[in-house]
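This briefing is for a reader who is new to the structure.

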Amino acid sequence: MKDLQQFKVISTYIDGRLVADKGVSLIARQPVQPINHFHAEPKRISYFQIPYNGEATIPVIEALDGQLITNRLDMAPTVKDGMMVSDQDRDLLKIVVVNRYNHGKPAARAFIKNFGLKNGAIGSSVAHDSHNIVAVGTDDEAICMAVNAVIATQGGISCIVRFKDSSFHHNTLETHLLPLGIAGLMSADDGFNVATKYTAMDHLAKSLGTPLSAPYMTLSFMALLVIPHLKLSDLGIFDGDQFALIQ
């Protein structure tokens, strides 16, 4: 140690062998055989659409920055061509949960407030406790791409950016991905490389307009049913106070 008050480590020894020096690990990396259970197949945009059936209001998850709890709001839906859709002007975005273990299951779909995305979508297979695929976005196409990017690498976090392509005079969707090949939760890559890539993904998500201090962390808890008040499971919206699915 440099001193025992600040506890700043200079070097580390195990059984008399130098294993870390000046903040650099000298332990050789060991190859691993990743364990992963991932049986989802690519989805189509129609898989995420929500038909409008005349609802005056719908239950909406209100995400709170830095919190695991959420609030329940009841808001009028935004409807376009007979479908309930995301509305950036009202910060009312669609959120979906896709079962990663059974590709035949339908998507759970709902709406969430306070993610603040102005375009694109973010997705993740880090979704406590079941670690299905969760995504939130401004339109069904971007959400579909965010989910399919995670499926393509059998786990990871994704960010879909929509931008104006001046060459072709139309909007283009760009996919960014951090693969998490171990159970869809961890990477076998060097820890410092993963930290750099995660930081880049975090900055990219924030560039889409979210005010959340940790958007991927907040997203990962939106399917954690045991934390009140409203969450989204792969079976639908769950009321943590009543401890029951909302029909």
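A salt bridge here is a side-chain nitrogen of Lys or Arg within 4 Å of a carboxyl oxygen of Asp or Glu. By this rule the model, which is predicted, has seven salt bridges. One of them is formed by the side chains of D189 and K197, with 3.2 Å from N to O.

**The pair D189 and K197**

- D189 has a relative accessible area of 29%, so this residue counts as partly exposed.
- K197 is partly exposed as well, because its relative accessible area is 43%, and the cut-offs for this class are 20% and 50%.

**The network around R162**

- Salt bridges with shared partners join D139, E141 and R162 into one network.
- R162 meets D139 in a salt bridge, with a distance of 3.0 Å from N to O between the side chains.
- This pair connects distant parts of the chain, 23 residues apart: R162 belongs to strand β13 (residues 156-165), while D139 lies in the loop between β12 (133-137) and α1 (140-152).
- R162 also forms a salt bridge with E141, and here the closest N and O atoms are 3.3 Å apart.
- Here, too, distant parts of the chain are linked, since R162 sits in strand β13 and E141 in helix α1, 21 residues apart.

- Three strands make up an open sheet, ordered β4-β8-β7, and their pairing is antiparallel.
- β4 (50-51) and β7 (78-80) are the edge strands, and each of them pairs on one side only.
- Two bridges connect β4 with strand β8 (residues 83-85), and the two strands pair in the antiparallel sense.
- I50 has M84 in β8 as its bridge partner.

**Points to locate in the model**

Notes. Residues are numbered from 1 along each chain as its sequence is written. This is a predicted model: local features need pLDDT of at least 70, side-chain atom pairs count only at pLDDT 80 or more; totals for chains, interfaces and linings use all residues. Side-chain values use heavy atoms; hydrogens and water are left out. Two strands pair if DSSP finds at least two bridges between them. Helices (H or I, at least four residues) and strands (E, at least two) are DSSP runs, numbered from the N terminus. Buried means under 20% relative accessible area, exposed over 50%, partly exposed in between (1.4 Å probe, protein chains only).
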